[in-house]
Amino acid sequence: MLARLRAGAATVAGRARHVRIDEDALGRLAGTLPARAPALLPEEVPAGDADDMVAAIVAWNAVNFGSGWFPELRKRPGLSGSRTLALAFSDHVARTGAPTAEWLSRVDAATCATVFGQPHPGPVDDLLDLFARAWNDLGALLLDGAEGSATTLVASAGGSAATLVATLGAVPSFADVAVHGEGADAVEVPFHKRAQITVSHLARAFGDQGPGSFAGIGHLTAFADNLVPHVLRMAGVLAYDPHLAARIGRGDLLRPGSAEEVEIRACALHAVELAATARGVAPATIDHELWQRGQAPEIKAVPRHRCRCPWY
């Protein structure tokens, strides 16, 4: 699946009509990239014993999306939408413990509003509904095939990063697969952003040991979202056609699965692949570095593409 993802993204990048990779700018950026990923942010560091840590990581990444709603989100002072949600979830776990499969299976939008500190009814009700559905899907997966245990679910992958990505990617709310083109020209791009980042989060939190030990961890791709492409654009690596750039500048929402939206994600992923080859590091290492660079005020001051979907 990861090989198909790379091939699909490369094909899209090669024929994209709305997004272009500037390889000279990419070469300059590659020279600034470190060999190691930055440390996890404080809200990304799980607490408790190993089982609690695994449960928290898997549950958080089930709802690690919503950027299309972030302009409407009630944010914590000085924090982005993503960091607001991550810290709210971390605080919830600190108060109540890691989520159980039973709790996940019965969560509703009102509960999600309480967990994440959002008004309900309110402007992000659609997002809260998607959070509830994602947690319900995860709860069902744990109860039906993993004895109610996130640790058992992770162990069922046999230490294979690709297998765990495939297991999670088969869950409807994780099934982040796009198609570019139509008919005989259609190319499938199985991004599986949240499934991949779950594996990476486990590996980083456990120092590649125990539940975070995965063969093939270096084969993970970039986690195609809307921030890493924006950082690449700000560095001159991605160039958008004038119409697309104007839409993003106005704050227009892109349609999930549209040619423009798929090309932004695919070109960003392929650019990271090229940089990883040039730098001799894993693509996920570059992704984590670029995502954290995206927290800089000068990066956040410029509009990035928004898309209301459960993938990122």
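The largest cavity of this structure, which is a predicted model, has a volume of about 470 Å³. A cavity is a set of points, on a 1 Å grid over the protein atoms alone, where a 1.4 Å probe fits but cannot get out; grid points are joined across faces, edges and corners, and the volume is the space filled by probe spheres set on the points. A search of the whole structure finds 1 cavity of 30 Å³ or more. The largest cavity is lined by 32 residues, and the closest to its centre are N64, S82, K193, I197 and W291; a lining residue has an atom within 4 Å of a point.

At least two residues of this lining come from each of α3, α4, α10 and α14 (283-293). Helices (H or I, at least four residues) and strands (E, at least two) are DSSP runs, numbered from the N terminus. The most is given by α10, with 5 residues. By type, the lining comprises 11 nonpolar, 12 polar and 9 charged residues. Here Ala, Val, Leu, Ile, Met, Phe, Trp, Tyr, Cys and Pro count as nonpolar, Asp, Glu, Lys and Arg as charged, and the others, Gly among them, as polar.

Residues are numbered from 1 along each chain as its sequence is written. In this predicted model, local features need pLDDT of at least 70 and side-chain atom pairs count only at pLDDT 80 or more, while totals for chains, interfaces and linings use all residues; side-chain values use heavy atoms, with hydrogens and water left out.

The largest nonpolar core has 58 residues, of which F116, F131 and W135 touch the most other members. Such a core is a set of buried Ala, Val, Leu, Ile, Met, Phe, Trp, Tyr and Cys residues joined through side-chain atoms within 4.5 Å. Buried means under 20% relative accessible area, exposed over 50%, and partly exposed in between (1.4 Å probe, protein chains only). Leaving aside residues up to four places away in sequence, F131 touches V63, F65, L85, C112 and F116, a contact being heavy atoms within 4.5 Å. Another core, of 42 residues, lies apart from the largest one and includes A30 and V189.

In the loop between α6 and α7 lies P121, joined to H120 by a cis peptide bond with omega of about 5°. H192, in the loop between β3 (187-189) and α10, is not a glycine, yet its phi is positive, near 45°. H192 counts as buried because its relative accessibility is 5%. D208, in the loop between α10 and α11 (227-234), likewise has a positive phi, of about 60°, without being a glycine. With 41% relative accessibility, D208 therefore counts as partly exposed.

Key. On a 1 Å grid over the protein atoms alone, a cavity is a set of points where a 1.4 Å probe fits but cannot get out, and a pocket is an open set with protein on both sides within 12 Å along at least five of seven lines; lining residues have an atom within 4 Å of a point.
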